Amino acid sequence: MDDAPPPRSVGVLGVGRVGTVFAALAERAGLEVRTASSTDDPAEACASDVVILAVPMSRYRTLPVEALRGRLVVDAMNHWWELDGARPDLDDPATSTSETVQAFLAGSRVVKALNHASVWELENLGRPAGAPDRRGIAIAGDDAADVAAVAALVDALGFDPVVAGPLAAGVAFEPPTEIFGSDATAAQIRSMLDRFPRSQRGRVVARARQGRG
């Protein structure tokens with residue numbers, strides 16, 4: 001992965017607790033921040049260098065497709081079956097939720113990141129680069145340049161980026177997985193990614209993908 005400078009501007013769609021924390025972290029990093037709620041015109045936020053999706057995953061079909069066309073989009077959303085109920089479009093283990101988002105936002109460049117960190121971790125555990133207790137954030141994406149750009153953003157926000165692989169690899173840090181909510185270091189996340197295929201969820205995903213293939 002090539003090094004890349006952090007984006008100059010960050011848009012955040014969603015102004016709930018998580019979206020507010022993303023905006024605060026980006027402002028602390030010296031980035032220009034533009035936010036939009038579900039009732040706001042999203043055009044300005046979507047014109048940012050990177051746009052973070054911080055709306056409920058159950059409402060992904062309300063995302064502004066045209067405003068996000070051509071944009072680098074960070075999918076920080078999660079599907080919570082306990083809250084959202086059965087969703088065949090989101091429950092299929094043969095695909096990741098970010099692949100579903102990418103299919104919906106066909107004109108955008110989607111990278112999975114920032115979804116597995118707890119709000120407490122985001123608010124309290126950001127550290128300067130090189131800090132021994134710095135936490136890690138997993139990233140999955142299909143384009144090397146886009147992954148590098150999101151890695152630079154993650155680093156600017158105070159966390160070590162850990163590249164998991166292509167967008168499909170984002171399934172390894174969705175709920176319920178070992179990484180999700182772990183508040184782990186980069187080395188710990190790398191170990192969790194390595195053993196995901198042997199986990200119960202990993203085996204379910206592998207069987208589903210083999211069946212589809």
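**Exercise 1.** Which side chain does the side chain of His 79 join in a polar contact, and at what distance?

*Solution.* Step 1: a polar contact is a pair of N or O atoms within 3.5 Å; within protein, one must be able to donate a hydrogen and the other to accept it, and residues adjacent in sequence count only if both atoms are side-chain atoms. Step 2: the side chains of His 79 and Asp 91 are joined by such a contact of 2.6 Å. Step 3: His 79 has 10% relative accessibility and so counts as buried (buried is under 20% relative accessible area, exposed over 50%, partly exposed in between; 1.4 Å probe, protein chains only).

The model is predicted: local features need pLDDT of at least 70, side-chain atom pairs count only at pLDDT 80 or more, and totals for chains, interfaces and linings use all residues. Residues are numbered from 1 along each chain as its sequence is written, and side-chain values use heavy atoms, with hydrogens and water left out.

**Exercise 2.** Which residues are linked with Arg 134 in a network of salt bridges?

*Solution.* Step 1: a salt bridge is a side-chain nitrogen of Lys or Arg within 4 Å of a carboxyl oxygen of Asp or Glu. Step 2: Arg 134 forms one with Asp 155, the closest N and O atoms being 2.7 Å apart. Step 3: Arg 134 also meets Asp 160 in a salt bridge of 2.8 Å, N to O. Step 4: the network therefore links Arg 134, Asp 155 and Asp 160.

**Exercise 3.** Is Arg 134 buried or exposed?

*Solution.* Arg 134 has 3% relative accessibility, so Arg 134 counts as buried.
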